[in-house]
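Please examine the model shown below.

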Amino acid sequence: MERFIADLVRSFESGKIDRRQFCEAVALATTIFAAGSAAQAAPARGLKMLAVNHVSYACSDYRIARDWYAKVFNTKIYNDKGMGRANLEFGGPEPGKGGSFIITRNFGNNEKTARAVVDHICYTVANWDDTRVNNALKAAGTNPTGRKGSVNVYDPNGYQVQIASIDGENPFI
Amino acid sequence: MYGFAATKLNEFEQGKISRRQLIETITLAATTVGAAGSAGAAPAQVGVTAAGINHVSYNCPNFKQAADWYSKVFNLDQVGLKDNEVTLPFGKKGEQPYNVTAKDVPLTFIIMRTRDLNAPPANGAAPRPKATNVVNHMAYTVADFDSTRVQAELKSLGVENIRAAGANAIHMTDPFGYDVEICGLANSAITDGA
């Protein structure tokens, strides 16, 4: 990074780039640096887990689930072509940089064969404040219950949705 | 960052800082700005803004068998072992979630459980309703995704029912018949199903 910045300063001093280009290049380099290089860090055996990519959520009417998750989580909606599915992107990392999304979709043919079930998903909210989170969820039409740092609501299909802070749900606490 | 760079450039041009100081301060700022936290993650008034997935609760007849399989395939440690559950974080203690800069977002984790979902809650809470949906598969992003390499790796680990799904994804079946998808970073809300 230091060499890159030094080259930029040299280019600025020699008139190859102007002030705006200098500042834009620094800002862009910062963003790229923050993206990290974990994608290059695959282990010798097995795979290196980076993140949840997506949750595939099947139900009788994907539009009802789509609208509920979009409202409760303020998500962006992608690829809804009226063909029985839509993608809802969460906050956090951008798409393609480790960000997660839910696919709400209509039932297919292979939903009931496993002997395991994902019985709920929990989502992290940063800058947690119990009162603010509870009020925001109530304003979205849900009935949150829970404890300090963690609340549960049920979506229109009766599926448990947990929302927690870093202290409410943390693998190391 | 744009504003900071402009300020420092002004100081350099006015002789307040040296060329070396200009390079060092911008380098330092550019490499640490990611740790500054995310003020943009504050929840909205209606609904909340999720900074990411906190955990996945996976329930099956033998949680330890499931945990061992996921640990093997995804190189995950197991922490917090109890009689009927164990936790698999996506990294080591103290690490940040991938590409998340806010400091109050924990590593994502899977909780492997064996429990009766129809049992009444022990804390007197309302019973869990019967869900009419199903999460029919989970997809996980892995580092350095290459379909051919990943398929070969999975075969060497004894994984069953491996199916490529385009260039950016592979499906497989875990020991309990659950569909697990593995994706590269390129698979996103924008590209999937486009």
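**A sheet built from two chains**

An open sheet of seven strands, with mixed pairing, runs in the order β6(A)-β7(A)-β8(A)-β5(A)-β1(B)-β3(B)-β2(B). Strands here are DSSP runs (E, at least two residues; helices are H or I, at least four), numbered from the N terminus, and two strands pair if DSSP finds at least two bridges between them. The edge strands, each pairing on one side only, are β6 (145-147) of chain A and β2 (85-89) of chain B.

This is a predicted model, in which local features need pLDDT of at least 70 and side-chain atom pairs count only at pLDDT 80 or more, whereas totals for chains, interfaces and linings use all residues. Residues are numbered from 1 along each chain as its sequence is written, with chains lettered from A and ligands numbered from 1 in the order in which they are written.

Within the sheet, β5 (residues 117-124) and β8 (residues 160-164) of chain A run parallel, joined by five bridges; I121(A) has V161(A) as its bridge partner in β8(A).

The contact between the chains takes 98 residues from chain A and 96 residues from chain B, where contact requires C-beta atoms, placed from the backbone, within 7 Å. On the side of chain A that touches chain B, β1(A) gives the most, with 11 residues. Eight bridges join β1(A) to the antiparallel strand β4 (residues 134-142) of chain B, and S56(A) has H137(B) as its bridge partner there.

Y58(B) touches residues of both chains, including A116(A), V118(A), A66(B) and M112(B), not counting residues up to four places away in sequence.

Technical notes: Two residues are in contact if their C-beta atoms, placed from the backbone, lie within 7 Å.
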